Amino acid sequence: MMKLNEVRVTGSSIGRFFLQGGTVLALIALIVFFFAMRPDIFLTFVNVKNIMYQVSILAVIAAAQTVVMVLGDFDLSVGATSSLAGAVAGAQMLGGVPVWIAISVALAVGLAVGLINGVLVAYLNLSAFVATLATMTSVVGMAFIVTEGTTLFNFPAEFNELGQGKLLNVPLPVYIAILVSIFVWALLRFTTIGRSWHAIGGNVEVSRLSGVKVRRARLLAFTVAGVIAALGGILLAARLGSASAVQGSDNTLLSVAAVFLGMTVIKSGMSNLGGTMVGVGIIGVMSNGLNILGVNAYVQQVVTGAIIILAVTLSGLKARER
Amino acid sequence: MRNKFKLLVAAAAVVALSLTGCAASGGGEADKPFKVIAFTSGNQTPVGAWWVKAVTAKAKELGWELTMIQGDFDFQKMNPAVESAIGQGADVIFDGYTDYASIGSIVTAAKDAGIPMFAMDSGVEPSDAFAINVTTDQQGIVDSTVEALSTELGGLEGKNIMVIGHDPHPGIRERAGLAEEAFKAAGANIAGGEIQKVQSPATGRTEALALVADYLAANPNGLDAVWVGWDDAALGASKGLAEAGSTAKVTGVDATSEAIAEIQAGGNFLATIEQPWPAILDTLIGYILTYQKDGSLPSTNFETVGTTLVDKVNAAKITPSDKL
């Protein structure tokens, strides 16, 4: 299993400063760059709102990924779980089930997928990579079964409102992403289970010897991630007014990238919610800025990959410093 | 007595030979079922899923021995499975919605085994890979959608039009290129200076939505229309326009039920294209039956079929492609 967070930075130097603050500096540099290129557009309310709207669902799914990566694991099924949840909610509503029951069932599906992941990793000792890769495959298949390979649409207006409604001219998914972020941040920082996750991510054996119930904690982490990923999928279905088996499939890779980017933000080099949101911000700003500048989509993909490599390299450098 | 016996043997030989001759005249043998290998990589799309069901039903109706291989867009899985089936022998291979560029090894195996391959929407230009490939007329699709936009906008001269395509799909690539040419020829400006490319069909809707939203953030009221190569992405573009308060119009291709509903609702989605897949399938089944009967192949290896523009006027009469 890959250890993501066995790091501690000591001492100070300019190099270390850049290493430490690289991701935040990168976000600031991107904002300054795009603002310089299009000062009339980039930091306007409309465009900032646009960026936040575009990354709000990724932010929710990245929060789910953060929970798992705090333990030093991955969840490759978050994107698929979100698609399945959106599809389940959609299918239920089209079958006449009331909106809130449909949403509850979809969240329960996410919980079930998370539980399965947790059991596979914590109790059957499968590597998180293999276990979640396998569940991802099955979950995508289930989503195709639920949607029958088509795109579900014609959802009730109150459901679509969840993804398309606005409060003070700001889309609701932005508020929901902020609430989820605060919830995950508090969960990681102030609760016993959050501290247990950090401890397991630091050193499993020491945690076990210290009395942390490692298996149960790991099971809980995957379960929480499953539920939050499902919430992301429900939001995506509401935002688009439709649900398909594969929509939002890019969120798995992007959520991992966001967490990696965020790991360089704090001193310990561990996965952390604040850092993840900085990572999400970088992905959103970069995509929006490059679109505004009219940069070819393929070039954008190359740049995104390069940013991920840079983030992982920075994480590696910090780990070596320890 | 001896002469009578010789006559009997000669008569039996003549009967046996004539029976053999009859059997050899078509694509199959009289005493064996007609063996068809059908494959598609696009079974996870609504139209691909329909094709699998429709071909399976036709095969049952016609008494064919069908081997149906569904590739899930995974050529590493699908191609060896088809080649393995070819190795076990077949009379005909039937390709559904899989571009010949992705099945080079299948083409080679089929040629080596001397089995003709019939194809449906498996490329947008003639190819020796197939006995025949029947697809839709890409130029016709472009002509009717461009004309619909021109009529709606009162001409295209000086209008700002975004063209959204997806290169890995040969049909979308072809028609997006043709659309760009047509708009330029009509004096329109291509928003962003070139075709905007969606990277993955799976995320086409969100990608198109972001492309339109970002473009309009940078260029408020900067779009008169968005031409999109397929409906799913067109629906994203339409949502992006609606959210930005733009009245620009969108056209797509596929005639999905969601696109038809949008057209009927009278918002940004102006029109889409119905491609007559059931009729194309019937045409191809006809060619295969002719081959089965007398071993003859179509005189040309590429055929295109006209399409129907779906707008508010006829939307209610169209069968959506995901409800075939």
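In strand 2 of chain B, Leu66(B) is the bridge partner of Val36(B). Strands here are DSSP runs of E with at least two residues, and helices are runs of H or I with at least four, numbered from the N terminus. The model is predicted: local features need pLDDT of at least 70, side-chain atom pairs count only at pLDDT 80 or more, and totals for chains, interfaces and linings use all residues. Residues are numbered from 1 along each chain as its sequence is written, chains are lettered from A and ligands numbered from 1 in the order written, and side-chain values use heavy atoms, without hydrogens and water.

Strand 1 (residues 35–40) of chain B runs parallel to strand 2 (residues 65–70) of chain B, and six bridges join them. Pairing requires at least two DSSP bridges. With helix 2 (residues 46–62) of chain B, these strands make a right-handed β-α-β unit; viewed with the strands pointing away, the path from the first strand over the helix to the second runs clockwise. Strand 1 of chain B also runs parallel to strand 3 (residues 92–96) of chain B, through five bridges. There, Thr40(B) stands opposite Gly96(B). Five of the six residues of strand 1 of chain B are buried (under 20% relative accessible area, 1.4 Å probe, protein chains only).

The second largest pocket has a volume of about 980 Å³. Of its 39 lining residues, the closest to its centre are Asp250(A), Leu254(A), Ile283(A), Ser287(A) and Glu207(B). A pocket is an open set of points on a 1 Å grid where a 1.4 Å probe fits, with protein on both sides within 12 Å along at least five of seven lines; lining residues have an atom within 4 Å of a point.

How values were computed:
Buried < 20%, exposed > 50% of the residue type's maximum accessible area, 1.4 Å probe, protein only. Points joined across faces, edges and corners; volume = space filled by probe spheres on them.
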